[in-house]
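This report covers a predicted model. It starts with one loop and then turns to a charged surface patch and the chain as a whole.

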Amino acid sequence: MGLNWTAEIRSEEGKGASRRLRRAGKVPAIIYGADKAAVSVAFDANFIAHAFDNNDMYNSVITVDVNGGDSEQVVVKDMQRHPATNEVAHIDLQRAGESNMITKKVPLVFTGKSTAPGVKMGGLMSFLQPTIEVRCLAKDLPASINVDVSAMEAGTSMRLSELTMPEGVVITALTHGNTDYDQAVVNIGKPKRKG
């Protein structure tokens with residue numbers, strides 16, 4: 001996804017400076033990582049408010065042009081909202097170069113629920129993990145992972161190790177070398193007997 005944000009360099013640091021920025025319609029942010037110095041920047045608040053209407057934003061590589069000079073490839077690592085107004089108060093952006101490995105939570109999208117034999121028999125499908133943590137190069141970061149549940153029978157579950165992952169993307173839970181981490185992401189209960 002070609003996302004381009006324009007930022008300006010922040011010269012002042014600290015809470016007072018951040019408050020002044022927010023009053024001026026700006027959102028303070030920091031760009032860090034990749035063994036380079038952190039850069040304090042600010043974005044237009046209206047632009048940021050609309051940008052975060054798109055949930056894929058959290059799992060997209062964004063190109064940030066800083067003062068019309070350098071551009072940086074980043075991912076959103078963290079975002080704080082103001083507790084009262086719910087406006088974006090601060091953004092942490094992690095550099096995401098070609099060779100940078102990043103770790104992010106990615107949403108699972110379950111497909112085929114209505115055709116699953118276990119559901120047709122009256123079993124209840126439960127989604128146990130809405131997101132999973134993955135590790136990959138920034139360029140390989142998927143916006144979501146599709147999970148096809150159309151063949152699931154009643155009384156069965158699907159584990160992390162059974163998910164089909166895009167090339168270059170690994171599930172961090174499965175890197176521990178311990179099967180305890182291979183948890184179920186979805187299951188179908190056995191149908192209740194009608195008596």
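## The loop between strands 2 and 3

Ala34 lies in the loop that links strand 2 (26–33) to strand 3 (36–44). Although Ala34 is not a glycine, its phi is positive, at about 60°. Ala34 has a relative accessible area of 37%; because this value falls between the 20% limit for buried and the 50% limit for exposed residues, Ala34 is classed as partly exposed.

Asp35 also sits in the loop between strand 2 and strand 3. Asp35 is not a glycine either, yet has a positive phi of about 55°. With a relative accessibility of 86%, Asp35 counts as exposed, since the cut-off for that class is over 50%.

## A positive patch

On the surface, Lys15, Arg19, Arg22 and Arg23 form a patch of positive charge. One of these residues, Arg19, belongs to helix 1, which spans residues 15–23. The relative accessibility of Arg19 is 47%, so Arg19 is partly exposed.

## The chain as a whole

Three helices and 13 strands are assigned in the protein chain. Of its 195 residues, 38% are buried.

The radius of gyration of the protein chain is 21 Å, whereas a compact globule of 195 residues would have one near 16 Å. Along the principal axes, the C-alpha atoms fill a box of roughly 70 × 40 × 30 Å.

Technical notes:
Residues are numbered from 1 along each chain as its sequence is written. This is a predicted model: local features need pLDDT of at least 70, side-chain atom pairs count only at pLDDT 80 or more; totals for chains, interfaces and linings use all residues. Side-chain values use heavy atoms; hydrogens and water are left out. Patches are made of residues with over 30% relative accessible area and no salt bridge: like charges are joined within 9 Å, nonpolar side chains (Val, Leu, Ile, Met, Phe, Trp, Tyr) within 5 Å. Accessible areas come from the Shrake-Rupley method with a 1.4 Å probe; for residues, only the protein chains shown count as cover. A salt bridge is a side-chain nitrogen of Lys or Arg within 4 Å of a carboxyl oxygen of Asp or Glu. Lys and Arg count as positive and Asp and Glu as negative; His and the chain ends are not counted. The place of a charge is taken as NZ of Lys, CZ of Arg, CG of Asp or CD of Glu. Helices (H or I, at least four residues) and strands (E, at least two) are DSSP runs, numbered from the N terminus. Buried means under 20% relative accessible area, exposed over 50%, partly exposed in between (1.4 Å probe, protein chains only). The radius of gyration is taken over C-alpha atoms; the globule rule is 2.2 Å times the number of residues to the power 0.38.
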